[in-house]
Amino acid sequence: MIRSHGELVTEQFAQQAQLFANAPVLHAAAALDPLVQAAKPQPTDMILDVACGPGTVVAAFAPHVAHAAGLDATDAMIRQARTLAARQSLDHVSWYVGDVYALPFDDGAFDIVTCRFAFHHFENPAAALREMLRVCKSGGRVVVCDAVVSDDPAKAAAFNAMERLRDPSTVAFRTSAYFVQTFADAGLPVPTITRYQLPVEMEALLATSFPLDDNRDAVRALLRAAVPDDAIGARVRDADGQIHFEYAVAIFAAMNC
Ligand SMILES: C[S@@+](CC[C@H](N)C(=O)[O-])C[C@H]1O[C@@H](n2cnc3c(N)ncnc32)[C@H](O)[C@@H]1O
């Protein structure tokens, strides 16, 4: 059966929803604080996080803004987000099941529009960014956070081949330069860029993954083969038989003018 990309996304993330909601590394201050700081939230701000997953980013912004909304294509993710909001007694948040390419909001409805770790699932990042800008006020802030790939095309291609096996809903991780150009093409000023490394161990990552045809060994083989010359450009290394690598995360922030 041939599935559309949208079906691949919702199938993949329905499986991942609970694991995602409970992954400490995604909820850590080290991952969330730079994103919140890049957006410069004000107490009167309305914020929207698109492809919000289990609501982690919305909950991080909630103490700093008047209202925080999250939207995601996967119903199971939004259910996790509602659970998180109830657990944290967040009463100034709202949740939507929807598509980043057709946001159900008026033009200029938000002061800040964010998106974390989702652009690599988008087939048309430029259209997604345009739609984020449409619902952002003039003078508001747009913040996109994702892992980026090596500037070496061979390493970038090898990294993406591994990631598409590990998570078939991945379209492509892009370079920093790609994001800067996409911001420019959308009429945004040059973004500020904040970077951090997200280290992972292969077996821990695979335990939370749903690879193509459940072929975990294919992912293992690609990662092990990449060790001698870091063929995926992700600081991959063998530490006493355990394979470690790092996602290079970048946060791109710009004012919508
Ligand atoms: C890797 S998760 C990231 C979740 C969350 N942003 C975070 O950082 O914890 C990617 C999310 O993107 C969502 N997604 C992918 N394509 C989407 C689309 N076109 N519209 C809305 N959500 C989408 C998926 O459902 C999934 O929840």
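Visitor: Which side chain has an N or O atom 2.6 Å from an oxygen atom of the ligand?

Guide: A polar contact is a pair of N or O atoms within 3.5 Å; within protein, one must be able to donate a hydrogen and the other to accept it, and residues adjacent in sequence count only if both atoms are side-chain atoms. Here the side chain is that of Asp72, with an N or O atom 2.6 Å from an oxygen atom of the ligand. A backbone N or O atom of Ala51 lies 2.7 Å from a ligand nitrogen, and a polar backbone atom of Val100 is 3.0 Å from a nitrogen atom of the ligand. The protein buries 96% of the 600 Å² that the ligand exposes when taken alone, the areas coming from the Shrake-Rupley method with a 1.4 Å probe, where for residues only the protein chains shown count as cover.

Guide: Before we go further, please keep in mind that this is a predicted model, in which local features need pLDDT of at least 70 and side-chain atom pairs count only at pLDDT 80 or more, while totals for chains, interfaces and linings use all residues. Residues are numbered from 1 along each chain as its sequence is written, and side-chain values use heavy atoms, with hydrogens and water left out.

Visitor: How many residues are around the ligand, and which come nearest?

Guide: A residue is near a molecule or strand if one of its heavy atoms lies within 4 Å of it. There are 18 residues around the ligand, of which Ala51, Asp72, Thr74, Val100 and Arg116 come nearest. Helix α1 (residues 5-21) contributes the largest share of this shell, three residues; helices (H or I, at least four residues) and strands (E, at least two) are DSSP runs, numbered from the N terminus.

Visitor: How many salt bridges does the count come to?

Guide: A salt bridge is a side-chain nitrogen of Lys or Arg within 4 Å of a carboxyl oxygen of Asp or Glu. By this rule the count comes to 10 salt bridges. One of them joins Arg79 to Asp75, with the closest N and O atoms 2.6 Å apart; because these two are four residues apart in helix α5 (residues 75-87), about one helical turn separates them. Asp75 is partly exposed at 41% relative accessibility, where buried means under 20% relative accessible area, exposed over 50%, and partly exposed in between (1.4 Å probe, protein chains only).

Visitor: Which parts does the salt bridge of Asp107 and Arg134 tie together?

Guide: The side chains of Asp107 and Arg134 meet at 2.7 Å, N to O. Asp107 lies in the loop between β3 (93-97) and β4 (110-116) and Arg134 in helix α6 (residues 125-134), so the pair ties together parts that are 27 residues apart in sequence. Asp107 is exposed at 58% relative accessible area, whereas Arg134 is partly exposed at 27%.

Visitor: What is the salt-bridge partner of Arg220?

Guide: The partner is Asp217, with the closest N and O atoms 2.7 Å apart. Elsewhere, salt bridges that share partners join Asp107, Glu131 and Arg134 into one network.

Visitor: How far is Asp146 from the nearest side chain of opposite charge?

Guide: For charge, Lys and Arg count as positive and Asp and Glu as negative, while His and the chain ends are not counted. Asp146, in strand β5 (residues 136-148), is buried yet has no salt bridge, and the nearest side chain of opposite charge, Arg174, is 6.0 Å away. The side chain of Asp146 does make a polar contact with the side chain of His120, at 2.9 Å.

Visitor: Is Glu201 buried or exposed?

Guide: Glu201, which lies in strand β6 (residues 192-201), is buried, with a relative accessible area of 17%. Its side chain reaches two backbone nitrogens, that of Glu203 at 3.0 Å and that of Ala204 at 3.0 Å. Contact means heavy atoms within 4.5 Å, and, leaving aside neighbours within four places in sequence, Glu201 is in contact with Gln242, Ile243 and His244.
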